[in-house]
Amino acid sequence: MMKLEGQIRIPSGCAIAAVISKEGKRFSGEMITNSMKPMHDRSNGLGGGFAAYGIYPEYKDCYALHMFFDERATRKNCEVFLKERFEIVKSEIIPTRKIPAITDAPIVWRYFVQPFKSLLDAMQLDEKEFVARTVMKINAEMKGAYVFSSGKNMGTFKGVGFPEDIGIFYKLEEYSGYSWTAHGRYPTNTPGWWGGAHPFTLLDYSIVHNGEISSYDANRRFIKMFGYKCTLQTDTEVITYIMDYLLRNKGLTLEEAASVIAAPFWSTIEAKDDQYDKEKHTFLRTVFSSLLITGPFSIVFGFNGGLMALNDRLKLRSMVVGEKDDKVYIASEEAAIRTMEPDTQNIYYPNGGEPVIIRLKDGVY
Amino acid sequence: MNKNFTSIAACDLDYQTLNEYLRQTTAPCHITDCCGQRYIASGFGAKQIIIDGVPGNALGAYLNGASITVNANAQDAVGDTMNDGEIIIHGNVGDAAGYAMRGGRIYVKGNAGYRAGIHMKAYENKFPVMIIGGTAGSFLGEYQAGGVIIVLGLNSDKQDKIVGFFPCTGMHGGKMFLRSSCDKVQFPSQVSTRKATAEDLAELAEHLTRYCELFDYELNEILNAEFTVVTPNSNNPYKQMYVAN
């Protein structure tokens, strides 16, 4: 049998891109799909994916579970399990297009669900924690079933193939969102499978990542103590859980979370003039030392209402940001940004460890 | 557009096809609608190329005498391992510009990203020069072994910080001119810094003449400022790490 990730280690190269409308204006996925074309050579056809925010306004109070199943029987079994925990508001196949470039697709399904209130009360869990635990349980224990997206009013679309083909496969031009992220993958020694493509998500948090985390195992062991099971052994998965832990569990701000995972060097902290800033960075590095992510990365972190782009502190991967009107563009290469908007202004290159945070204007999503 | 130039619309071409077109003619070429094609003019000898739009990574890698002008920003690894020739960028460059170059010149009007001039070296009669008009990111001249890197900080509002963190890390050859007092810059212990002398300025003027011509600057205005010169303390700082034989 072909080995899946987790049985084989995969270092990866990659391409990332993102676009967001600060006004919360929704637009189709065609633009982000096209952005991946000039970066074609950064991927090798073993993974492509997208995250889209604001695409399910008609079901915005439901968690949208996007799932892969290896066969019909697995789906039927999983539905029995889901029905014990959720009211399933809608269940449908995710529409796809048959194209020669994409083959061996699993069953791709989506459920719009609401957790049973009685169950939440009985388990004394808040809704998000309940959903997160259910997702972890399915991914760790249910063979052949994989939840790859579980947020409200958002969804990810991913698979094995070049990203520009994956976008066509999932008919992204038919969706309309205010924020999109994209990833093209270059795993170098793995068969690659659909669940291993980026983005990696939990609830509405999604990560696309270009790089290779050398601290993966240290990070994984730490985060495991708080109930996060890394089931894929791809480094990116752990970033998603770290962000969930820092933001949802510990209540840090995005800026603080960025200072934890891409902490400045001690010498840089020492040289800071601002005493408050110095103490804060010292505190964050000391308390969350096991969550420092070392090795090269550039990531885009998506969430309901915004995006954050971040490079590792040594900036071992490239990242470019640009703006035009209400939109902000982020990509591994300027060419990708120019493909989305030829007339992009204020092109700049964020420093290593300097988060670029874009939030929607209040109340527009 | 100059009619002596062969015009190539790059919009739908992949990098291999684009480079094929460039090789098919000895005439100078003008590439339009460039968008991310990598390795343009890699290894090219004498030839003139003008590019409109953004060229992809490794522009002019292993360049061997050609002249490339880009009327926009360029991406990462411009002039990677170049041997001879000239690359002129009217915008910014991404990370690792002039990576391991050992000859030729790179002139950037705007800013450079991280690791500009990493592992730049000189070899026999080869002597690379890179001039950055704006500011440079962190790790400027990392492991620099030869040649000259000049950062001018023109149009920068932070005159005391025209380079990022950790410049000259592992530098063991060559020279750097920074148009700033560099009061707020931390240099590693294996390099020395000093104010430019009259002799230094004469050398600088030689390198800057072509730059000023290209980007329409007044040489004397640029020279009329404090320059910091950075050189390694020793030619062989890592001597103790190797067996003497």
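## The sheet of chain A

In this predicted model, where local features need pLDDT of at least 70, side-chain atom pairs count only at pLDDT 80 or more, and totals for chains, interfaces and linings use all residues, chain A has an open sheet of 7 strands with antiparallel pairing, in the order β8-β3-β10-β1-β16-β15-β17. Strands are DSSP runs (E, at least two residues), as helices are (H or I, at least four), numbered from the N terminus; two strands pair if DSSP finds at least two bridges between them. Residues are numbered from 1 along each chain as its sequence is written, and chains are lettered from A and ligands numbered from 1 in the order in which they are written.

At the edges of this sheet stand β8 (154-159) and β17 (345-348) of chain A, each pairing on one side only. From one strand to the next, the twist averages 10°. Axes here are lines fitted to C-alpha atoms, for helices over the stretch in contact, and angles run from 0 to 180 degrees between N-to-C directions. Strand β3 (residues 48-53) of chain A runs antiparallel to β8(A) and is joined to β8(A) by 6 bridges. In this pair, G49(A) is opposite K158(A).

## The sheet of chain B

Chain B has an open sheet of 11 strands with mixed pairing, in the order β1-β2-β3-β4-β5-β6-β7-β8-β9-β11-β10. Its edges are β1 (6-9) and β10 (191-195) of chain B; each has a single partner strand, so one side of each is left without a neighbour in the sheet. Neighbouring strands of this sheet are turned by 15° against each other on average, direction ignored.

Strands β9 (residues 173-178) and β11 (residues 228-232) of chain B run antiparallel and are joined by 3 bridges. F177(B), for its part, stands opposite V229(B) in β11(B). Helix α2 (residues 198-215) of chain B packs on the sheet, where the strands touched include β9 and β11 of chain B. The direction of this helix makes about 70° with that of β7(B).

## Domains of chain B

An automatic or database domain assignment gives the bounds of domain 1 (1-91) and domain 2 (105-234) of chain B. Their centres, taken over C-alpha atoms, are separated by 25 Å. Across the boundary, 9 residues of domain 1 of chain B are in contact (C-beta atoms, placed from the backbone, within 7 Å) with 8 residues of domain 2 of chain B.

## Contact between the chains

Chain B has 17 residues in contact with 16 residues of chain A.

Technical notes
Contact = placed C-beta atoms within 7 Å.
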